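Trainee: Could we go through this structure together? I would like to start with the open space and then turn to the ligand.

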Amino acid sequence: MIEIHELTKRFQDKKIVVTAVKHVSFSVKEGQVVGLLGENGAGKTTLLRAIATLLTPTDGSIKVGGYDTVKNPEQVKKRIGVLFGGETGLYDRLTARENLEYFATLYGLSKHETKVRIEDLAKMFGMRDYLNRKVGGFSKGMRQKVAIARAIIHNPDIILFDEPTTGLDITSSNVFRQLVHQLKREGKTIIFSSHIMEEVSLLCDSVAMMHKGELVYQGNLDALYKAEGSQDLNYIFMSKLVRGSEHYAS
Ligand SMILES: Nc1ncnc2c1ncn2[C@@H]1O[C@H](COP(=O)(O)OP(=O)(O)OP(=O)(O)O)[C@@H](O)[C@H]1O
Ligand SMILES: [Mg+2]
């Protein structure tokens, strides 16, 4: 479903070259929920942006549902829903409903489809009370719920979330967690980045751990727990980073 092959992304920042992602390869099967872990600056957002066709790889390639992100970005875009932390992409002067209607139109949904979809999403997120209010006056959590609804308005098969629960309270974080469970039941493929280990261990089938642009582990969570003899993902993550750097230093 998603195949990342030897992905490298370099940024030229004045005279400094930053390699944000280095030779990363892994694939994600249909229906899997994958947690993307890594310290600040590890390359998580860069990797997600490249999958979402928002960045062109410096080297390597990515295929989504068989389509190359550089050669067939339109085919890829149709199949994915994306939400990047902090960028909700919503219009403050429009109501939640108007925002959702606007994005539904961009994806070519009919009026009827849009109405049904907005009702479903509003019910799922408990947004009914404020659907007709302007987003400009919304709290962070309310805004984030509308942003998540916007990201999946076209019912995509693949969903990419960059730190979806950062800044959300427990109730809103739980809404996100329930949503992931529901999307998983519907057979959706999800990759999300997070700094919250508990969230990843609760929701994910597998993890991808990044350190300074490199992939230090990718695979099934249960297999990882077994191999490490622990279910403490925080501990496992830290020890992988230490071992990862030793490995790279040698
Ligand atoms: N547009 C850009 N121009 C220059 N450097 C960039 C750009 N985007 C990302 N980088 C650099 O690439 C590296 C990886 O950044 P990225 O945002 O992917 O990290 P991250 O894992 O998402 O971190 P965080 O947890 O802080 O969100 C960093 O060194 C960052 O400064
Ligand atoms: Mg990031």
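**Pocket, ligand and backbone**

Mentor: The largest pocket has a volume of about 420 Å³. Please keep in mind that this is a predicted model.

Trainee: How many residues line the largest pocket, and which lie nearest its centre?

Mentor: The lining consists of 18 residues, and L54, K77, V82, Y107 and R150 are those nearest the centre.

Trainee: Which elements each supply at least two residues of that lining?

Mentor: They are α2 (73–79), β6 (80–84), α3 (96–106) and α5 (140–151). The largest share comes from β6, with five residues.

Trainee: And what is the make-up of the lining by class?

Mentor: Ten of the lining residues are nonpolar, three are polar and five are charged.

Trainee: Let us move to ligand 1. Which residues come nearest to ligand 1?

Mentor: There are 13 residues around ligand 1, and G41, G43, K44, T45 and T46 come nearest.

Trainee: How much of the accessible area of ligand 1 does the protein cover?

Mentor: On its own, ligand 1 has 640 Å² of accessible area, and the protein covers 63% of that. Two elements give two or more residues to the shell: β2 (16–28) and α1 (44–51). The most comes from α1, with three residues.

Trainee: What about the classes in that shell?

Mentor: The shell around ligand 1 has four nonpolar, six polar and three charged residues.

Trainee: A change of topic: the backbone. What is the phi of E6, and where is E6 placed?

Mentor: E6 has a phi near 50°, which is positive although the residue is not glycine. E6 sits in strand β1 (residues 2–13). For context, most residues other than glycine have a negative phi.

Trainee: Why is E6 classed as partly exposed?

Mentor: E6 counts as partly exposed because its relative accessibility is 34%, and that class covers values between 20% and 50%.

Trainee: What is the phi of E163, and where is E163 found?

Mentor: E163 has a positive phi near 45°, and E163 belongs to the loop between β7 (158–162) and α6 (170–185). With a relative accessible area of 21%, E163 is partly exposed.

Methods
Residues numbered from 1 in each chain as written. Chains lettered and ligands numbered in written order. Predicted model: local features only at pLDDT ≥ 70, side-chain atom pairs only at ≥ 80, totals over all residues. Heavy atoms only, no water. 1 Å grid on protein atoms, 1.4 Å probe; cavity = no way out; pocket = protein on both sides within 12 Å on 5 of 7 lines; lining within 4 Å. Points joined across faces, edges and corners; volume = space filled by probe spheres on them. Helix = DSSP H or I, 4+ residues; strand = E, 2+ residues; numbered from the N terminus. Nonpolar A, V, L, I, M, F, W, Y, C, P; charged D, E, K, R; others polar. Near = heavy atom within 4 Å. Areas by Shrake-Rupley, 256 points an atom, 1.4 Å probe, with all protein chains shown as cover. Buried < 20%, exposed > 50% of the residue type's maximum accessible area, 1.4 Å probe, protein only.
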